[in-house]
Amino acid sequence: MKKYFIIQLVLMILPVTFLRAQKINSYPFESGEKLDFILNYTWGGVVTDVGTATMTLTHSGSQYDVLVVGKTYKFYDMFFKVRERFEASFSDATFRPSRFYREAAEGRYRMKNTLTFNKNHTIKSTTQKYDRPPVDTLLNGTAKTMDLLTLFFHCRTLDFTESMKDKKVPLEFVIDKEIYHIYFTYRGQENKKVPGMGTYKTLKFNVKVVAGNIFDGKEDMSIWISDDQNKVPLFFESPILVGKVQGRLSAMEGQKYPITSKIR
């Protein structure tokens, strides 16, 4: 998988559950929601926060628009500077994505990627690496193929049943020139302390990640989401090629429902 360091980690905090809600007024989010995340890194017994990402959601006409901006802290810019911007638009009725854009600057690496989703499920992907000429690629997707941001919100409209515990549920997303297939597994309820935020009743999941520049693909990512109507992603952790990463929610506003999952 190509590089998209901070955003890849944050967006993999998929609030993964099952049976699709049917009406927009039943969705667990609304226009104006904002989620802030902090990413930290553990290596050799040293744990340190290295960067942040902020996600905002707006609604206009019949579509949702999502913006995610990620960056490393100023101190870590000296070692590996990261600046990332992700944008997506999708239907509020069908969750069919229409457009996705990302711009990544990670160290010396540069990439721009625009995805256009067509009615016949083909996807036009335009990639521009460094200052080279843009390259167009036509991908054959399905009705289930989404970009990462649309997939993030789609999963939050789902519900789960205890009968699905420990069963693999597939997910499908596209980025750059490739379509990826992963899966998640529901593991049950758990109380989880989120540093700086408190302790919450959560639902725990494992997500199978794709081997690449960050993950080795051998161990799953663990994810905890709020066990309430909002289904807010709260915490995740995963081994990576060197060390371990954790992500945690650091602030939230504009939630549609009261946060009833907080214990203390």
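D77 is buried, with a relative accessible area of 19% (buried means under 20% relative accessible area, exposed over 50% and partly exposed in between, using a 1.4 Å probe and protein chains only). Its salt-bridge partner is R83, with N and O 2.7 Å apart; here a salt bridge is a side-chain nitrogen of Lys or Arg within 4 Å of a carboxyl oxygen of Asp or Glu. R83 itself counts as partly exposed, at 31% relative accessibility. The model is predicted, so local features need pLDDT of at least 70 and side-chain atom pairs count only at pLDDT 80 or more, while totals for chains, interfaces and linings use all residues. Residues are numbered from 1 along each chain as its sequence is written, and side-chain values use heavy atoms, leaving out hydrogens and water.

Eight salt bridges are present in the structure. One of them joins R156 to E33, at 2.7 Å from N to O. This pair links distant parts of the chain, 123 residues apart: R156 lies in helix α3, and E33 in the loop between β1 (19-20) and β2 (34-43). Helices (H or I, at least four residues) and strands (E, at least two) are DSSP runs, numbered from the N terminus. R156 is buried, at 0% relative accessible area, and E33 is buried too, at 2%.
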